[in-house]
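Please describe the packing and the aromatic contacts of this model.

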Amino acid sequence: MEKKKKNYVRNLTLSAMFLAIGLLLPFLTAQIQQIGNMLCPMHIPVLLCGLICGWQYGFAVGAVMPIMRFALFRMPSIFPTGVAMAFELATYGLLVGLLYNSSKWKCVISLYRSMIAAMLGGRLVWGAVMLIILGTGTEGFTWKAFYTGAFLNAIPGIILQLILIPAIMIALNRTGLVKFSSKKHNDTEA
């Protein structure tokens with residue numbers, strides 16, 4: 001019971017840290033006007049939160065972050081961007097945490113699989129929410145707007161996430177703060 005309480009406090013504290021990082025990180029990338037938004041700075045702490053703390057925490061941090069950022073700094077605009085981002089980031093946190101933590105092997109390969117699936121799922125959810133909010137038609141949300149917003153403009157952010165997050169997880173594994181494990185290792189523990 002004591003270990004469970006300790007993990008809860010640890011995950012809650014780390015989630016608060018990831019939320020704070022997600023609120024402040026866009027200020028750093030906004031200094032580079034041309035690619036600031038393309039780096040998707042709020043995605044990184046949500047993905048890390050889901051990986052390190054679990055899907056419940058990643059989901060909560062992702063859902064709250066864009067809304068809290070709007071309440072504090074009036075960025076991003078709450079409608080439609082902030083609402084769609086809240087669903088998108090919540091999906092990232094949920095999927096990456098759920099897929100990675102249910103993986104038999106906690107390694108770089110399962111990390112990439114989980115991240116790619118979460119990125120695709122989050123972008124699909126973002127597109128669905130934008131479609132619901134804006135509708136279809138010439139003035140609505142088009143296939144071109146989805147492709148451009150979800151993938152084309154996000155290429156620098158996707159590349160950054162696919163490099164930075166595994167590097168952070170590998171560094172945390174080396175320090176012992178996050179443990180990679182193999183199937184063989186798990187079988188001996190059971």
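Buried means under 20% relative accessible area, exposed means over 50%, and partly exposed lies in between (1.4 Å probe, protein chains only). The model is predicted: local features need pLDDT of at least 70, side-chain atom pairs count only at pLDDT 80 or more, and totals for chains, interfaces and linings use all residues. Residues are numbered from 1 along each chain as its sequence is written, and side-chain values use heavy atoms, with hydrogens and water left out.

**Aromatic contacts**

Rings of Phe, Tyr and Trp (its six-membered ring) pair if their centres lie within 6.5 Å; planes under 30 degrees apart are stacked, over 60 edge-to-face, the rest tilted. The whole structure holds one aromatic pair. Phe27 and Phe73 have ring centres 4.9 Å apart and planes at 85 degrees, so they are edge-to-face. Phe27 belongs to helix H1 and Phe73 to helix H3, so the pair links parts 46 residues apart in sequence. Helices are DSSP runs (H or I, at least four residues), numbered from the N terminus. Phe27 is partly exposed, at 30% relative accessible area. Phe73 is also partly exposed, at 28%.

The criterion is NZ of Lys or CZ of Arg within 6 Å of the ring centre and within 35 degrees of the ring normal.

| Charge | Ring | Distance to ring centre |
|---|---|---|
| Arg69 | Phe27 | 4.7 Å |
| Arg74 | Phe70 | 5.0 Å |

**Helix H3**

H3 has 19 residues and reaches 27 Å from first to last C-alpha, close to the expected 27 Å. The expected span is 1.5 Å times one less than the number of residues. H3 bends by about 35 degrees at Met65, and Pro66 follows within four residues. The bend is the angle between axes fitted to the seven residues ending there and the seven starting there. Buried residues in H3 include Tyr57, Gly58, Met65, Pro66 and Arg69. Their cover includes H1, H2 and H4. Contact means heavy atoms within 4.5 Å. Just after H3, Arg74 has a positive phi of about 65 degrees.

**Nonpolar cores**

A nonpolar core is a set of buried Ala, Val, Leu, Ile, Met, Phe, Trp, Tyr and Cys residues joined through side-chain atoms within 4.5 Å. The largest has 31 residues; among those with the most contacts inside it are Leu48, Met65 and Ile165. Helices H1, H2, H3, H4, H5 and H7 each give two or more residues to this core. H2 gives the largest share, eight residues. Beyond its neighbours within four places in sequence, Leu48 contacts Phe18, Cys53, Ile165, Ile168 and Met169. Another core, of seven residues, lies apart and includes Ala84, Met130, Phe141 and Phe146.
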